[in-house]
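Please read the following note alongside the sequence and the model. It is set out as numbered points for a structural reader.

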Amino acid sequence: MDRLWRNARLATMTGSGLGIIENGAIGCRDSRIAFVGAEAEAPGAEEVIDCAGRWITPGLIDCHTHLVYAGSRAREFEKRLEGASYEEIARAGGGIASTMEATRSASEADLIALALPWLDALIAEGVTTIEVKSGYGLTTEDELKMLRAARALGERRDVRVRTTLLGAHALPPEYKEDADGYVALVCEEMIPAAAANGLADAVDAFCEGIGFTPGQTRRVFEAAAAHDLPVKLHAEQLSNLSGAALAAEFGALSADHLEYLDDGGVAAMAKAGTVATLLPGAFYFMRETQLPPIGALREAGVPIALATDSNPGTSPLTSLLLVLNMGATLFRLTVEECLIGATRNAALALGLGGEAGTLEVGKACDLAIWDVEHPAELVYRIGFNPLHSRIRAGR
């Protein structure tokens, strides 16, 4: 081994639970995990780190964020407190449209500089992998600018970044009366350009009454498939348009939000292996009352992931640890479901199940080492960060 972490308690996130190994050790060779098991069976190593009985989990994964953008929506937050709805704000030119104007005006360097502090907050809590969506530029040039900025975050910081093209996020003002024309732009120009430049790992859309219809979303998914890009979907957040079933039809990596998901959507996701990514930060911030169908998802065996949905309008949240607590308190997820949701299932939601999310031989050596007595503390505590150290690719 290049490096061995010994005298540790491991939550490997394998099997049916947390996959706990007491008196454990993890060995790394060439940035990948080469040993996981009892310390008594551990091989020698060039460097040995004594973890003093601390817990080791996989590095955390934030599998749904909108971290790259410009501008603030604090005034809209104030309006919502005064009684305005999300839909009213959006139809009055606020919401995504206001962030679009600021993002279009920002340079790529501006976007990187703005996002780094938010990324640093996540990294400080043990996040080693993050997904970043575009969706605030809404022109080909500006969407590609956002994707380049997202890719650059992985060069500025030691974190794995997965990028998602969300061109079908909202209708820009220049296409106000021509939604189908804008969808054609997304399908015929944005997606091919993102694919040709290697800037997108997936394609997403906002299938909703204030977003895009199922028919328009299907066109986006067909264009993504033509360029060998997997798909994800913002689905059933504000109403039920059967977007999750549509996503499952295309073998989507995940369908996200899902407050209004019905039994048919649950069954379709289970059959396709599509991950249900729940976003309690948005649920909390928007003061929603319609809970996702947690029981139905459990019963069907749909993998459940958790993420921050970090964005300026509906979830200005940069704490995945807080999301774990929200998942438990708001959605009544168990400790195991919350921790697996930010590791193993989050990796599946990004198509990284073979690379990250569990402590297994052959995977990237991405670890979070915690000063806690039990992993439940990571879900239980609020406003407290017990991270001792973060290991990315064995370093």
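1. Basis of the model. This is a predicted model, in which local features need pLDDT of at least 70, side-chain atom pairs count only at pLDDT 80 or more, and totals for chains, interfaces and linings use all residues. Residues are numbered from 1 along each chain as its sequence is written, and side-chain values use heavy atoms, with hydrogens and water left out.

2. The sheet. Eight strands form an open sheet in the order β6-β7-β8-β9-β10-β11-β12-β13, and their pairing is parallel. Its edges are β6 (60-62) and β13 (304-306), each of which pairs on one side only. From one strand to the next, the twist averages 25°. Strands here are DSSP runs of E with at least two residues, helices are runs of H or I with at least four residues, and both are numbered from the N terminus. Two strands count as paired if DSSP finds at least two bridges between them.

3. Strand β7 (residues 127-133) runs parallel to β6 and is joined to it by 3 bridges. Within this pairing, I61 stands opposite T129, and D62 stands opposite I130. Towards β8 (residues 160-168), β7 has 5 bridges, again in parallel. T129 has R160 as its bridge partner in β8. Strand β7 is mostly covered, with 7 of its 7 residues buried. Buried means under 20% relative accessible area, exposed means over 50%, and partly exposed lies in between (1.4 Å probe, protein chains only).

4. Packing of α5 and α6. Two packed helices are described by the angle between their axes and the distance between the axes. For helix α5 (residues 140-156) and helix α6 (residues 179-196), the angle is about 35° and the axes are 10 Å apart. The axes are lines fitted to C-alpha atoms, for helices over the stretch in contact, and angles run from 0 to 180 degrees between N-to-C directions. The crossing of α5 and α6 is right-handed, that is, the near helix is turned clockwise from the far one by less than a right angle. Helix α5 contributes T140, E143, L144 and L147 to the contact, and α6 contributes L185, E189, M190, A193 and A194. Contact means heavy atoms within 4.5 Å. By class, this α5 and α6 contact comprises 6 nonpolar, 1 polar and 2 charged residues. In this classification Ala, Val, Leu, Ile, Met, Phe, Trp, Tyr, Cys and Pro count as nonpolar, Asp, Glu, Lys and Arg as charged, and the others, Gly among them, as polar.

5. T139. This residue lies in the loop between β7 and α5. T139 touches R104, E174 and M190, when residues up to four places away in sequence are not counted. T139 and E174 are 35 residues apart in sequence, and their C-alpha atoms are 9.9 Å apart in space.

6. Cysteines. How many disulfides does the rule give? The count is 0, where a disulfide is a pair of cysteine sulfur atoms within 2.5 Å. The sulfur of C365 is 3.9 Å from its closest cysteine sulfur, in C28, which is too far for a bond. For C187, the closest cysteine sulfur is in C207, at 13 Å, also too far for a bond. C365 is buried, with 0% relative accessibility, and C187 is buried at 12%.

7. Positive phi angles. S31, although not a glycine, has a positive phi of about 75°. S31 is placed in the loop between β2 (20-29) and β3 (32-38) and is partly exposed, with a relative accessible area of 28%. H257, likewise not a glycine, has a positive phi of about 90°. H257 belongs to strand β11 (residues 254-257) and is buried, at 2% relative accessibility.

8. E259. The loop between β11 and α9 (263-272) holds E259. Is E259 buried or exposed? At 3% relative accessibility, E259 counts as buried. Leaving aside residues up to four places away in sequence, E259 touches E236, Q237, F283, Q290, L291, P292 and P293.

9. A113. Helix α4 (residues 108-123) contains A113, which is partly exposed at a relative accessible area of 48%. A113 and A70 are 43 residues apart along the chain, with their C-alpha atoms separated by 10.0 Å.
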